[in-house]
Amino acid sequence: MKRGFFICLLALYLTGFFRLLCAAPMPVITSFSILGDVTQQIGGERIQVHNLIDTDQDAHMYQLVSKDLRKMRTAKLILLNGLGLEPLSLQRAAQQSHVPLIIVTNGIHPLMMADDGHDHHQHTDPHVWNDPVLMQTYARNIANALISVDPQGKAYYQQRLTTYQQQLAGLNAWATKTFNTVPPEKRKVLTGHDAFAYMAKRYQIQFIAPQGVSTEAEPSARQVAAIISQIRRDHIKAIFIENIKNPKMVQRIASETQTKISGRLYSDALSKGAPAATYIDMFRYNVNAISAAMR
């Protein structure tokens with residue numbers, strides 16, 4: 001009798017154990033590829049991330065489609081960057097999906113940008129990922145969001161968060177050391193749109209861009225002329241196109257100033273493979289490219 005009872009208990013235990021082992025990963029929706037990667041780094045094998053805005057795609061220009069609505073409704077968690085990055089249509093769809101929604105920039109004090117004529121961006125700069133110190137808060141918000149919908153994974157998520165935050169701290173220390181090899185008067189860079197203000201503040205670099213925070217904002221002829229004059233006056237050598245936008249404006253400025261384009265930066269999206277397949281890869285690549293071009 002006792003033997004049969006213990007066999008039953010063992011069978012129940014093993015059934016539960018194998019069910020846990022075979023459990024499908026929790027579906028999590030993220031708005032864009034950088035957020036998706038950081039979420040995957042913390043969620044590991046317990047989650048399956050789906051990005052609405054894929055690699056090499058411009059989050060500012062995203063248009064909601066029906067398949068994304070369906071994916072949102074079947075997810076266990078939706079994560080958005082916030083601070084005006086995602087269009088209002090996506091924000092509303094996420095709110096109306098009745099799925100837990102977390103804005104991962106909560107608790108981060110945003111930089112305020114000059115009015116670029118697009119009030120729906122609320123003059124806040126959403127590009128916080130260009131500061132790995134702020135990304136420690138970003139990562140913690142993601143971990144807390146995962147724990148809120150999957151409390152059984154708390155220890156797992158916290159351990160991975162600790163490891164990732166250590167990597168972010170190391171990334172900041174390395175970037176500081178790298179940029180400090182460039183004389184302050186040479187720390188000037190031209191990019192396609194104004195995506196690097198957080199990097200500028202953290203590492204004392206001046207970034208110039210013909211477009212504002214959003215890639216939707218078109219520069220005036222006067223703004224372009226002023227940038228061309230500044231490049232000539234300050235002898236700016238670091239001029240970059242971006243992976244998410246049309247390079248014609250930057251190419252025109254480079255041509256008019258007879259300046260060679262230094263290369264490509266990854267501003268608002270990862271690349272499908274190398275060199276910017278993860279957030280940490282992207283940040284390292286950008287720092288190396290920018291610091292080399294400024295010298």
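**A strand pair and a buried serine**

Modeller: Met-26 stands opposite Ile-47 in S2. That pairing belongs to a parallel arrangement in which strand S1, residues 26-32, is joined to strand S2, residues 47-53, by six bridges.

Because its relative accessibility is 4%, under the 20% cut-off, Ser-271 counts as buried. Its side chain makes two polar contacts with the backbone that deserve a careful look: the side chain of Ser-271 reaches the backbone oxygen of Gly-273 at 2.5 Å, and a polar atom of that side chain lies 2.8 Å from the backbone nitrogen of Ala-276. Leaving aside residues up to four places away in sequence, Ser-271 touches Thr-55 and Asp-56, together with Tyr-266, Ala-276 and Ala-277.

As for the confidence of the prediction, the chain has a mean pLDDT of 90, with 87% of its residues at 70 or more. Residues 116-121, however, have a pLDDT below 50, although in the model this stretch has 13 contacts beyond near neighbours in sequence.

Key. Residues are numbered from 1 along each chain as its sequence is written. This is a predicted model: local features need pLDDT of at least 70, side-chain atom pairs count only at pLDDT 80 or more; totals for chains, interfaces and linings use all residues. Side-chain values use heavy atoms; hydrogens and water are left out. pLDDT is the predictor's confidence in each residue, from 0 to 100. Contact means heavy atoms within 4.5 Å. Buried means under 20% relative accessible area, exposed over 50%, partly exposed in between (1.4 Å probe, protein chains only). A polar contact is a pair of N or O atoms within 3.5 Å; within protein, one must be able to donate a hydrogen and the other to accept it, and residues adjacent in sequence count only if both atoms are side-chain atoms. Two strands pair if DSSP finds at least two bridges between them. Helices (H or I, at least four residues) and strands (E, at least two) are DSSP runs, numbered from the N terminus.
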